[in-house]
Amino acid sequence: MDSIILLVGITLMYSTPLIFGALGGVVSERSGVTNIGIEGMMVIGAVSAAIASYFTGNPWIAFLVAGLAGGLVATLHAVASVSFAADQTVSGVAINLLAPGLALFLCRNFFDGAAMSPIVTKLPKVLGDSWMAGTVWSNLNVNVTTVMALLLTLGVWFVLYRTKWGLRVRAVGEHPAAADTLGINVYKVRYICVILSGVFAGFGGASMTIAIISQFTQTAISGHGFIAMAAVIFGKWTPWGAYGACMLFGATQALTVLLGGGATVIPSQILAMLPYAMTIIVLILFVGKSVAPKADGVPYIKGSR
Amino acid sequence: MNAVIKFLKKPIASSLLAILVGFIVAAVVLAVAGYDPIGSFAALFQGALGKPKYIANVIIKATPILLTGVGVAFAFQTGLFNIGAEGQYIAATILSSIVGITLDLPAVLEIPLVILAGVAGGAALGAFIGFLKARFGIHEVITSIMTNWIMLYLCNFVVMSDAFHKPNSTSALPIHSSGYITILHEWKTTDAAVDALAGVPWLREALLKTDLNAGFIIAVLVAVAESILLARTKLGYELRAVGYNKDAALFAGIPVNRSIVLCMLISGAVCGLAGALNITGIAPHTITLLAAQEGYGFNGLSVAFIAGCSCVGCIPASLLFSGLIYGGMSVQQVMGAPSDIINIMIGTIVFFIALPAVTRRIAEWLERRQEAKAAAGDAALPGKEA
């Protein structure tokens, strides 16, 4: 029983930053813009959340600042991929190079050359910081960001599938030329979606540095954005699919932690492979072919067929 | 002016412009943060090219990223995004190390076997990713990212295993020295070598103070070979056809699924060669515990993109990249500016590489301006006559 509670708690904790990142990926890719730069946007979110929380002492402001910073970086990607019809893969890779460099540069500049921030104020837990402290039940007292991730998934799903605006986004991602003839401004929709994806990724970074751990380090975000990207494809480009994929990933990671705790015969390095190997196995066995939005990754040039 | 317009329309113009913009952005960031940009760039060039030893190190460090770059570029040209170069590199280092530690043969056998083991490892992992895409339709990006991490932990497992672990260290045992491809690695430590090299200080420095090895030559040959394979052979044509349009390729009778596996196999083999050459060419000649991805694969992506995904273009791109990274370390030592500025610079360069439209637009704008001038000139002429 105890271990099940622990498993659920760790799963929810691990999956939260991934969910934010993956939702960013969903929003951007549904509008037809591949976003490989999620990782970089998360790193920027992570560092700016830590910096903002340190200097304002208010983690909520820091969370918003992280979203803003992620959005700013995403604007670069939007300018390149929407206005300049750039190769979106290349632009995304560039963001992934630029952002960690910028993050460390900022960190060193604000904190006297240190590659990590001091301990900063964290966001609260859902049920207050002292609920059932010391018992196994405290593991279920999740970070407030975990609930926010769930709500955001609901929100993204609702907007994408239940509103006129969402229909437009999906139309732009599937067939921009057709959407254009209906009077939808393809460029505007894509700009908004890409910037939003950066905002979500920024939140993801913040939910690592000011909710799970309480400082920025060089390895705070290491590959989370790429896992989130994989979750988007795994979840077939839908918000709930991506949410489930992140949960599965979090669960296998939690399993790794639990199995590693006891005196098992399996070496820890082999256990650590579990989340990644499981993802591949699940894909082979259950998921099958994933079909991207038709216009995903294709720049739209007005008037071209 | 016509020459400028003509130049701007060439693909290399956007690469050169991107590099220029990279330096400008870095200069602005440095200046804003309160560092002297000119001094920093001087330190950068000094640190990359100032001594024979530095140049040798730039070449040594360019070798693996040239190969991963070629691997990525090759796959990209056939429509596949091999973000798994990192994992294929690690797979190769693991197998090369295991073979090099286990076998103790004369160099003529040891070197090829150790290298082949690594190449086979990278190729097998690449082919696995290709197979999953061809057979089950699983996106190569997912499997690549997953296998990158699986290989990282597999490497740590092998390092820590009883059979290969070097006691009291964080690495595995080194491979037998007959597998080294370091240039003159036995001779250069002898007294005779020290005497012989005393007269040629630059050679002495490049040889004795670095791991100068034959890897870069091999890498250049591979880059050229891949380029020929893609552009001049039937197989290359088929692979590219699949990349352009899968359905059309299938209709033309090209076995699409086989092409996908084969392409990933070749790409993986090249990335694997990068790992094998690092084991045979560079101390400590073995694998060590990895805390995070080392970046050979991701730097390969950057090299490939700076090169515009041309295999031969990866040669100068890898040298540039490695020069920036290696020289960047002295920016921190000399100027105190964070060496992360180099990553900002490289990121900016790749970002502007993604925007070939910019140089084209500048060219078009210049052309229009020239035409407008000419038209204005024509309009002015009759006025003069009157």
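User: How many residues of chain B are in contact with chain A?

Analyst: This is a predicted model. Contact here needs C-beta atoms within 7 Å. On the chain A side, 43 residues take part. On the chain B side, the count is 38 residues.

User: Which element gives the most to the side of chain B that touches chain A?

Analyst: H6, H7, helix H14 (296-306), H16 and helix H17 (356-385) of chain B each give two or more residues to that side. Its residues divide into 29 nonpolar, 8 polar and 1 charged. The top contribution is 12 residues, and it comes from H7(B).

User: Which element gives the most to the side of domain 1 of chain B that touches domain 2 of chain B?

Analyst: The assignment for chain B gives domain 1 (1-35 + 340-386) and domain 2 (47-336). Their C-alpha centres are 35 Å apart, and 10 residues of domain 1 are in contact with 10 residues of domain 2. Helix H2 (11-32) and helix H16 (341-353) of chain B each supply at least two residues of the domain 1 side. With 7 residues, the most comes from H16(B).

User: How do the residues of that domain 1 side divide into nonpolar, polar and charged?

Analyst: The side in question is the one of domain 1 of chain B that touches domain 2 of chain B. None of its residues is charged, and the rest divide into 1 polar and 9 nonpolar.

User: Is B:Gly137 buried, exposed or partly exposed, and why?

Analyst: B:Gly137 sits in the loop between helix H6 (107-136) and helix H7 (140-160) of chain B. Buried needs 20 or more other C-beta atoms within 10 Å, and exposed needs 12 or fewer. B:Gly137 has 13, so it is partly exposed.

How values were computed: Residues numbered from 1 in each chain as written. Chains lettered and ligands numbered in written order. Predicted model: local features only at pLDDT ≥ 70, side-chain atom pairs only at ≥ 80, totals over all residues. Domains from an automatic or database assignment. Contact = placed C-beta atoms within 7 Å. Helix = DSSP H or I, 4+ residues; strand = E, 2+ residues; numbered from the N terminus. Nonpolar A, V, L, I, M, F, W, Y, C, P; charged D, E, K, R; others polar.
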